[in-house]
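This briefing is meant to be read alongside the sequence and the three-dimensional view. Please keep both at hand while working through the topics below.

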Amino acid sequence: MMERDYKEYVLVQQARLFATAAHAAIGQKRKYTGEDYIVHPAEVAELVTQAGGSTAMIQAAWLHDVVEDTSVTIETIRAVFGEEVAMLVDGLTDKSKPEDGPRAIRKMIDRARLAAACGDVQTIKLADLVSNTKSIVEHDAKFAAVYLDEKAMLLNVMRDGNTWLWNKANNILINSLKELEITL
């Protein structure tokens with residue numbers, strides 16, 4: 001392994017271990033399967049890797065839910081992983097709060113942020129959508145109707161991300177709508 005490849009490998013493994021520990025520290029599990037939560041960031045990181053993401057993008061894929069779901073702050077991410085990874089994670093972290101209003105308003109706020117985000121943030125979010133959509137459609141048809149509508153609106157504004165992942169997310173959306181017989 002070349003020295004650069006090894007350094008990149010170490011950086012990605014550092015993010016994997018950090019995310020695993022952060023999610024495990026709160027006992028976080030996947031909602032529908034009860035699996036350790038880290039299976040989701042692992043899937044997102046693998047999709048970002050397949051899409052040709054940079055080392056920082058793969059690190060952010062591992063870390064994308066840490067600030068939102070655990071007590072880890074963006075400042076900690078910045079201190080441990082640097083400014084580029086922190087910027088990506090921050091771009092992926094929902095900023096809306098319950099006091100902003102009903103779910104539709106909160107999702108509109110978060111969608112506007114993602115529409116303005118850089119292509120790297122959108123690429124990681126597309127991988128997140130691929131992972132989450134499969135799980136939600138398989139395990140919660142009732143919520144899937146709401147979720148798929150939100151994801152359709154999100155895909156409409158995220159055109160700067162990786163084309164392969166956008167197409168993958170869009171195809172999953174279309175197939176899920178057909179499978180569940182939902183019309184948007």
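The largest nonpolar core of this predicted model has 52 residues, and Leu63, Ile77 and Ile124 are the ones that touch the most other members. Helix H8 supplies the largest share of this core, namely eight residues.

- Which residues does Ile77 contact, leaving aside its neighbours within four places in sequence? They are Phe18, Leu63, Val66, Val67, Val72, Gly82, Val85, Ala86 and Val89.

**Aromatic pairs**

- How many aromatic pairs does the structure hold? There are two.
- In the pair formed by Phe18 and Phe81, the ring centres are 5.3 Å apart and the planes stand at 90°, so the arrangement is edge-to-face.
- Phe18 belongs to helix H1 (residues 3-25) and Phe81 to helix H5 (residues 74-81), so this pair ties together parts that are 63 residues apart in sequence.
- Phe18 is partly exposed, because its relative accessible area is 22%, and buried would require a value under 20%.
- Phe81 has a relative accessibility of 11% and therefore counts as buried.
- In the pair formed by Phe143 and Tyr147, the ring centres are 6.0 Å apart and the planes meet at 45°, so the pair is tilted.
- Phe143 and Tyr147 are four residues apart in helix H9 (residues 141-157), so about one helical turn separates them.
- Is Tyr147 buried or exposed? Tyr147 is buried, because its relative accessible area is 6%.
- Phe143, with a relative accessible area of 24%, is partly exposed.
- The ring of Phe143 also has a charged neighbour: the charged end of Lys31 sits over this ring, 6.0 Å from its centre.

**The largest pocket and Asn132**

- The largest pocket contains about 920 Å³ of space.
- Its lining consists of 34 residues, and those nearest the pocket centre are Glu68, Asp94, Arg103, Lys107 and Asn132.
- Which elements give two or more residues to the lining of the largest pocket? They are helix H4 (66-69), helix H7 (103-116), H8 and H9.
- Asn132 has its place in helix H8 (residues 119-139).
- Asn132 has a relative accessible area of 18%, so it is buried.
- Apart from its neighbours within four places in sequence, Asn132 is in contact with Arg30, His40 and Tyr147.
- Tyr147 thus links two topics of this briefing, since Tyr147 is a contact of Asn132 and also a member of the tilted pair with Phe143.

**Further positions in helix H9**

- Ala141 is found in helix H9, and a relative accessible area of 45% makes Ala141 partly exposed.
- Leaving aside neighbours within four places in sequence, Ala141 is in contact with Ile136 and Leu180.
- Ala141 and Glu99 lie 42 residues apart along the chain, and their C-alpha atoms are separated by 27 Å.
- Lys142 also lies in helix H9.
- Lys142 has a relative accessibility of 76% and therefore counts as exposed, the cut-off being over 50%.
- From C-alpha to C-alpha, Lys142 and Thr20 are 30 Å apart in space, and 122 residues apart in sequence.
- Val146 is another residue found in helix H9, and at 40% relative accessibility Val146 counts as partly exposed.
- The C-alpha atoms of Val146 and Ala104 are separated by 9.7 Å, while the two residues are 42 residues apart along the chain.

**A position in helix H1**

- Tyr6 lies in helix H1, and its relative accessible area of 48% makes Tyr6 partly exposed.
- Tyr6 and Thr123 are 117 residues apart in sequence, and their C-alpha atoms are 24 Å apart in space.

How values were computed
Residues are numbered from 1 along each chain as its sequence is written. This is a predicted model: local features need pLDDT of at least 70, side-chain atom pairs count only at pLDDT 80 or more; totals for chains, interfaces and linings use all residues. Side-chain values use heavy atoms; hydrogens and water are left out. Buried means under 20% relative accessible area, exposed over 50%, partly exposed in between (1.4 Å probe, protein chains only). Contact means heavy atoms within 4.5 Å. A nonpolar core is a set of buried Ala, Val, Leu, Ile, Met, Phe, Trp, Tyr and Cys residues joined through side-chain atoms within 4.5 Å. Rings of Phe, Tyr and Trp (its six-membered ring) pair if their centres lie within 6.5 Å; planes under 30 degrees apart count as stacked, over 60 as edge-to-face and the rest as tilted. A charge sits over a ring if NZ of Lys or CZ of Arg is within 6 Å of the ring centre and within 35 degrees of the ring normal. On a 1 Å grid over the protein atoms alone, a cavity is a set of points where a 1.4 Å probe fits but cannot get out, and a pocket is an open set with protein on both sides within 12 Å along at least five of seven lines; lining residues have an atom within 4 Å of a point. Grid points are joined across faces, edges and corners, and a volume is the space filled by probe spheres set on the points.
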